[in-house]
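Please look over the structure below, and then read the report that follows it. The text begins with a single residue and moves on to a chain as a whole and to the contact between chains.

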Amino acid sequence: MIPLVSVVTFLPGLAGLALLLVPQRADRVLRPAALGVAVVTFLLSLPLYFGFDAELIGYQFEEHGRWMPTLGVSYHVGIDGISLLLVLLTTFLMPLALASAWGSIEDRIKEFVATMLILETGMLGVFVSLDLFLFYVFWEAMLIPMYFVIGVWGGPNRIYAAIKFVLYTMVGSVLMLVAILALYHQYGGATGRYTFDLPVLAQYVMAPGRAQDLMFLAFALAFAIKVPLFPFHTWLPDAHVEAPTAGSVILAGVLLKMGTYGFLRFCLPLFPDASLAFGPLVFTLAVIGVIYGAWVSTVQPDMKKLVAYSSVSHLGFVMLGIFTLNQQGLVGGLIQMVNHGLSTGALFLMVGMIYERRHSRLIADFGGLWQVVPAFSALFLVVTLSSLGLPGLNGFVGEFLILVGAFQRNPWMAALATTGIIFAAVYMLWMYQRVVFGEVTQDANRRLADLTTREWAVLVPVVTLIVWIGVYPAAFTGKTETTIEALIAQVQAKTSANR
Amino acid sequence: MDAIVFPPVLIGPLLPTLVVLAAAALVLVLDVVPWAIPREVAAMVALAGMIGALLATLARWSAPGRAFRDMVVLDNFALFFNVVICYAGALIVLLSMDYLRRTGSESSEYWALVLLATAGMMLLAAAGDLVVVFLTLELMSLSLYVLTGLFKRELASGEAAMKYFLLGAFASSFLLYGIALIYGATGTTNLDRIAAAIASRPRDPLFGIGLGLLMVGFGFKISSVPFHMWVPDVYQGAPTSVTALIATGSKAGAFAALIRVLTVTLRGVPPDWAALLWVIAAVTMTVGNVVALAQSNLKRMLAYSSIAHVGYMLVGLVAGGVGGAGSVLFYLLTYTFTTAGAFGVITLCERARGEAVEVSDYAGLARRHPVLAAALGLFLLSLVGIPPLAGFVGKFYVFGAAVRAGYFWLAVIGVLNSAAAAYYYLRVVVFMYMREPEGAATTYASSFAGSLALAIALLAIVLLGVMPAPFVDLAQAAVAPLLR
């Protein structure tokens, strides 16, 4: 039996380290080699999807290895309906991100591709870890390659953005480390078995109260910063705008999902009482994020910044879905994570393409692009509509399910959140109108070239998935429903056991 | 009147130290023999002394021995520290070889003094009597005072030596006064007998004051706040290889004695001293980190960062028990390799006007010397506590011990400190990877021995980070007998 999860997780990172050894004179092989590794990783992750039994509760493709037995740390990885989609999203976006950097990153290629591939291992490790120690190792280790991607290959203000990104994330995650240790000792003290194993710890019914609340808050802070939940979002516009296109795609597409994934994977099953108790607070912050993100996006003069703030809004929807704690909301939240990864990833890709041609991202510098680059404009339209949630495309499915779930929990909040969709239409369509429609206002835009073959190859897979999820979401939601049902049942069982 | 009975002389428990002392003597003899001897020989003898001591230490593992009426106790605790100190000493010898030649200060005294200081540290870890603690502390400190002033032509080096000497002498007198008071209170200087004498009357004020003064002396040597004032000037002014020795070996030796004195003498006493250490730990790591944020000199920054790391180690001591003390031992192991590595990179960087000591001197290093930059980057990331490097596991154990012992908020202060520390460590990475040099660039001073030392340290921090379990078990097994 091939340890498929481990192979998928570690292949990119090890290949990345190996690429560091490529001598200077042979650096022409770097881009194709890195892209090849990413594509192979994606292909290897496909058996996870096809081999995944959607009817089973629990983890599949599990691997158990000894690591530090005296401490209760083991190498335990596996996949369930929640992590499956995120693993696939990661392996899917990475080749696209690398391909998008083909023409735009010229400086220190070797370090760039190695960093990106090591980053992929870090992200996949976060999604497949079933041991809290192992999870924390990946969670923290992943910061460093992202720090380099922003800080070395980013825009003019990159160093500030990179440091801000690391410090924000560190503060949240070190408190989570204390909470992990507290949970470990509480469980060990109560049962005599000291372990960091997540499935074991998830069985533990912790008494509600101050200890559980504090642990929940420590975990939640780490994840809320990553999501980012309002008011912890201020690192995001800086990091997104300064990062190179490939970095922005990965940042928006995958990294933000690590926060929402953390809520699903750790906060809900480990601290169900506290999740319920703080649910209304998170709900409120999520709705504020939805509306605030949309409003701030509306007034952005810079396309990349607009897309960055729209992430705050979209991730607010995901958080709303997760904390509905019902089937529709949670499935919607999960599928919306994938949707946001695809549509925002695609938006960053396309903003990057236009920036490479024109060296500007200001909306005011464009206008009438349809006449100059019709193919680009058409694909841009699909992606824009997907991002604002047009029925028939992927964004609608997630947002609809989330709002159905949210309405059952709190109709007023759901109604407020719905305005976020309206504002999404405002800022996306208004931006699209100013950039693409009308007359060509600036001479510099008259000679822009339309999509190249490489760019087609990058965009077609994303747009295909955008349409596919929009038309037939069951291919993806079907894999997750059993897992989500089990999660809800677990939360309910644990909270009612404490009543 | 009783005749004076000489204790039997047992060489065994002293063997590791004797190897080092023999090497020191040999170095001095080689300097005065009439025929010409290549300069490299002294360095080789020093290296052989360190490796020999390491082997002697390993050979005596799990064979505890006591000598000179329990004045020297070579148990696994002492052996663990001896391993740390021997590694530190060997790395420093390797780093010094080309560094001294480059700076034109090669001399046999240097090697002899490094060996003598190392011998002091090793015996300090094995001291079972307060008199031996004092003697070995002085052997270590006096050697280090001289080494600090090795760059005779540089004002900073002389100034550092002077400050180190004056403040160190102060600390020693506090220590001696504390020993005298404890002797007055208990009638003995032997740790076991102090513990027995104090168990029946734990609130003896004379003993309390004596222990307090002893703590002042140790506070100086391990550089905990508020006794840390000498650290930045000495670390900055001393030759970098000597700074590395002060930051690693001397700290390990002093910590060994501190842990042994506290855990052995206070075995039967309720742990109210932990409350005091709690405050010292919290203040030490916070002051160290906050002041390090403002430093532009790399050696000075690492000096303040080393103060902060002492704070983390004190957290483990506050937690107490096998887990807490064991976590300090493991932390020192990781810290020694990381810090020796970080200072080691500085010894390998040179500029037209001398050493590359400003953080801005490292601008663009990654482009010209990627391996060197990556090495320094990894050492700094290990100091931040980024997994899977050794520094992370060290912090994980220390804070884990604190949480287990119920010092939840101390752990929170600790982790927030380590998050803040990321800023100044990563600032160096920013310069190396994200900025270009202004004016003359820093170049790599080619050195095989130095590169070998860095390779060993790098291997160690990766190994200790990925496979820490066996070493943690060793550390915990080493402290367990002390607590019995």
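Predicted model: local features only at pLDDT ≥ 70, side-chain atom pairs only at ≥ 80, totals over all residues.

Because A:Trp102 has 17 C-beta neighbours inside 10 Å, it counts as partly exposed. Leaving aside residues up to four places away in sequence, A:Trp102 touches A:Arg31 and A:Arg454. The C-alpha atom of A:Trp102 is also separated by 9.4 Å from that of A:Leu35, although the two residues are 67 residues apart along the chain.

Chain B, taken as a whole, is made up of 19 helices and five strands. Its radius of gyration is close to the value that the globule rule gives for 484 residues, so chain B is as compact as a globular protein of that length.

| Property of chain B | Value |
|---|---|
| Radius of gyration | 21 Å |
| Span of the C-alpha trace along its principal axes | about 75 × 60 × 40 Å |

Of the 484 residues of chain B, 63% count as buried, and among its contacts between residues at least 6 apart in sequence, 80% join residues at least 24 apart.

Where the chains meet, 23 residues of chain A are in contact with 24 residues of chain B. On the side of chain A that touches chain B, α5 (132-141), α6 (143-153) and α7 (158-191) each supply at least two residues, and α7(A) gives the most, with 13 residues. By residue class, this side of chain A divides into 19 nonpolar, three polar and one charged.

How values were computed: Residues numbered from 1 in each chain as written. Chains lettered and ligands numbered in written order. Contact = placed C-beta atoms within 7 Å. Helix = DSSP H or I, 4+ residues; strand = E, 2+ residues; numbered from the N terminus. Nonpolar A, V, L, I, M, F, W, Y, C, P; charged D, E, K, R; others polar. Rg over C-alpha atoms; globule rule 2.2 N^0.38 Å. Buried ≥ 20, exposed ≤ 12 C-beta atoms within 10 Å, placed from the backbone.
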